[in-house]
Structures are given as C-alpha cells and as structure tokens.
Amino acid sequence: MTEEPNAEVRPVKRSATAVPGADLKPAQRARYLRIIEAARQLASEGGYDAVQMRAVAERSGVALGTVYRYFPSKNQLLVVTLVLIFEEVAERFGGADLPGDTAHERIMAVLRGSVQQLESERKLYDALVRAAMFADASSAAELDRLGEVLTELFANAAGIETVTEEVLNAVRIIADVWMAGLVSWVAGRQSVDDVIAHMDTAVALVFDRLARLQQTR
C-alpha cells in the first residue's frame, strides 16, 4: 500500500528531544560513553543483576561519584543504553534498502532484523528492557526519547516522507505495541516467534485501517 498525504502534511524528522549526553563537552562525553559501554558489557555478560554501579565505575575507569553524577540510578543508565542502541538501529536501517512493497512488509523486515539481535544478545536486551520496566520519573526524558526513536524508525521503514497526524499516530501505536511485546518476551510470556506474530497482526490492522481511512477521502 502507499500512503497518500492529505492537505496537512509534515516531514518525518528528528524529534526535538535531545539525544542523551549530546550537550556534554568532548571530554565529558567520552567519560559518559565509557560508562555506557561498561554497563553494556556487564549486562551482556551477566544480565540485569550484573550491572552494579561500583562495577560500572571499575570497568569504565570513571570515579563512582562521577558515574552517579551522570546517571543517578542503574535503571536510568540502562535506559540511556537502550536509547543509544536503538539510535544505532535507526541509523543502520535508515540507509538500508528494505525488502517489501508495502509499509507493512518493510516494518516487519525491521522487526525481524531486531529480533535476531535480541536472540543473539539475550542477557543484554533482557537487562535493558527490565530497566525500562522499572524506571521511575527520573528517566522520563530518556523514555520519551526512546518512544520518539522507535516512532522515527518505523515511520522511515514504512517509507513515509511526509505524514498526516493519522499516519504518525499509527506509527506510534506500532512502537508502543513493540515495547509491550519486548516486556512480554522478558517476562517469559511470549517467545520471539510469538512477538513477531503479534506484531505482524498489529501492523496489518493498523495500516489496513489507515488505508481504508485514506480511501474514503
């Protein structure tokens, strides 16, 4: 299917929410990224429980007080790590020639590629999704950024260059369902195959409805 924009359109663009750590000076950002990389390594090795702030400080070579100055909690640190990973995913798929003739097919290509990464680094993604589940209000900006990155990822995968509010809301629904699927995967309620099947249904329903709405205009 192709999306026909109506009179009110706007380009898909980077959101106004800042990329985490983007306002830091070069030396500060270098320390910031070392902390994130240390957390990522620890999570890959031992999952959520292995990411302790003292261990992060030792692995990164950054003083514990400095780690806490950048990241007041372990969950915030892991949420930022998740945001930056999905930024990388968005960059990778953003320039890719995705298979599929419809928005549905292209979005599912991105989701299947993401699931392969989940399976290959299960401890890491288990830890990151748990952190997003447990995060409190102090991580609100990072969680907002995560939602925006996912929305941009799926909008671009769908091949949408200009969108109506209806199209943007449709893509946001897909992003929300995807995060809910990851939570179910972490909790052991769904396998990755179940998540993909659920997403396939959700994408079809959302974009089929969108197509019907546009055809009535």
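Me: Helices (H or I, at least four residues) and strands (E, at least two) are DSSP runs, numbered from the N terminus. How many helices and strands does the protein chain have?
Reply: This is a predicted model with residues numbered from 1 along each chain as its sequence is written. Local features need pLDDT of at least 70, side-chain atom pairs need 80 or more, totals for chains, interfaces and linings use all residues, and side-chain values use heavy atoms, without hydrogens or water. Along the sequence the pattern reads β-α-α-α-α-α-α-α-β-α-α. The count is nine helices and two strands.

Me: What share of the residues of the protein chain counts as buried?
Reply: Buried means under 20% relative accessible area, exposed means over 50%, and partly exposed is in between (1.4 Å probe, protein chains only). The protein chain has 217 residues. The buried share is 48%.

Me: What share of the contacts with a separation of 6 or more comes from residues 24 or more positions apart?
Reply: A contact means heavy atoms within 4.5 Å. In the protein chain, residues 24 or more positions apart account for 74%.

Me: How are the rings of Y32 and Y70 arranged?
Reply: Rings of Phe, Tyr and Trp (its six-membered ring) pair if their centres lie within 6.5 Å; planes under 30 degrees apart are stacked, over 60 edge-to-face, the rest tilted. This rule gives three aromatic pairs. For Y32 and Y70 the centres are 5.8 Å apart and the planes stand at 90 degrees, so the arrangement is edge-to-face.

Me: How many residues apart in sequence are the parts that the pair of Y32 and Y70 ties together?
Reply: Both Y32 and Y70 are buried. Y32 lies in helix α1 (residues 26-46) and Y70 in helix α3 (residues 64-70). The pair therefore ties together parts separated in sequence by 38 residues.

Me: Which residue lies over the face of Y48?
Reply: A charge sits over a ring if NZ of Lys or CZ of Arg is within 6 Å of the ring centre and within 35 degrees of the ring normal. R69 lies over the face of Y70, at 6.0 Å from the ring centre. Over the face of Y48, at 3.8 Å from the ring centre, lies K74.

Me: How many residues apart are R145 and E87?
Reply: A salt bridge is a side-chain nitrogen of Lys or Arg within 4 Å of a carboxyl oxygen of Asp or Glu, and the structure holds seven. The side chains of R145 and E87 meet in one of them, at 2.8 Å from N to O. The pair links distant parts of the chain, with R145 in helix α7 (residues 140-157) and E87 in helix α4, and their separation is 58 residues.

Me: Is R145 buried or exposed?
Reply: E87 has a relative accessible area of 9%, so E87 is buried. For R145 the relative accessible area is 2%, so R145 too is buried.

Me: Which residues are linked with E87 and R145 in a network of salt bridges?
Reply: E152 forms a salt bridge with R145, the closest N and O atoms being 3.9 Å apart. E152 is buried, with a relative accessible area of 7%. The network joins E87 and R145 with E148 and E152.

Me: Which residue meets E119 in a salt bridge?
Reply: E119 is partly exposed, with a relative accessible area of 42%. The side chains meet at 3.5 Å from N to O, and the partner is R122.
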